[in-house]
Amino acid sequence: MQSINKKNVISNTLVIKKSTFTSFIYEIHNKQELEKFLTDFSDSKAAHNCYAYKFIDQQEHGGMNDDGEPKNTAGKPIFNVIEKSQINNVCILVVRKYGGLKLGAGPLTRAYVKAASEVVKKFKMM
């Protein structure tokens, strides 16, 4: 599979209570593109690589991953941003570099929503 053209990946970075949330959005159409994007853009040195995706080929596919964050504080909120934005054929990956301060479930969820929402705004402007 050919490598991802980085010009087609949109990113945004936020710092919330010393943690850095870098979000990426990329258009995908199948599992192979999803896996390639996640492999190329996940950061093994980061605390968490959380994502959600939705694409349609013959049928609708979707999924999410909290990557060690408390259950439903990362992947599900990112997926909800995709749904509310009414976009398809995308994956949003949010890479969190932990800054040493625990955020708590509510603020953590809001951080992932904000990170995903900001990159979706950029995506929709393209």
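Reply: Let us begin with one side chain: phenylalanine 41 is buried, because its relative accessible area is 12% and buried means under 20% (exposed is over 50%, partly exposed in between, with a 1.4 Å probe and protein chains only). The model is predicted, so local features need pLDDT of at least 70 and side-chain atom pairs count only at pLDDT 80 or more, while totals for chains, interfaces and linings use all residues. Residues are numbered from 1 along each chain as its sequence is written, and side-chain values use heavy atoms, with hydrogens and water left out.

Me: How is a pair of aromatic rings described, and how many aromatic pairs does the count come to?

Reply: A pair of aromatic rings is described by the distance of the centres and the angle of the planes. Rings of Phe, Tyr and Trp (its six-membered ring) pair if their centres lie within 6.5 Å; planes under 30 degrees apart are stacked, over 60 edge-to-face, and the rest tilted. By this rule there are six aromatic pairs. In one of them, phenylalanine 24 and phenylalanine 41 have ring centres 5.3 Å apart and planes at 55°, so the pair is tilted.

Me: Which parts of the chain does the pair of phenylalanine 24 and phenylalanine 41 tie together?

Reply: Helices (H or I, at least four residues) and strands (E, at least two) are DSSP runs, numbered from the N terminus. Phenylalanine 24 belongs to strand E2 (residues 19-27) and phenylalanine 41 to helix H1 (residues 31-41), so the pair ties together parts 17 residues apart in sequence. Both phenylalanine 24 and phenylalanine 41 are buried.

Me: What is the geometry of the pair formed by phenylalanine 37 and phenylalanine 41?

Reply: Their ring centres are 5.3 Å apart and their planes stand at 35°, so this pair is tilted. Phenylalanine 37 and phenylalanine 41 are separated by about one helical turn, because they are four residues apart in helix H1. Phenylalanine 37 is buried, with a relative accessible area of 0%. Phe24, Tyr26, Phe37 and Phe41 form one aromatic cluster.

Me: What should I look for in the backbone angle phi?

Reply: Most residues other than glycine have a negative phi. Lysine 18, although not a glycine, has a positive phi of about 75°. Lysine 18 lies in the loop between strand E1 (10-16) and E2, and at 61% relative accessibility it is exposed.

Me: Where does glutamine 86 lie, and is it buried or exposed?

Reply: Glutamine 86 sits in the loop between helix H2 (75-85) and strand E5 (90-97). Its relative accessible area is 70%, so glutamine 86 is exposed. Its phi is positive, near 55°.
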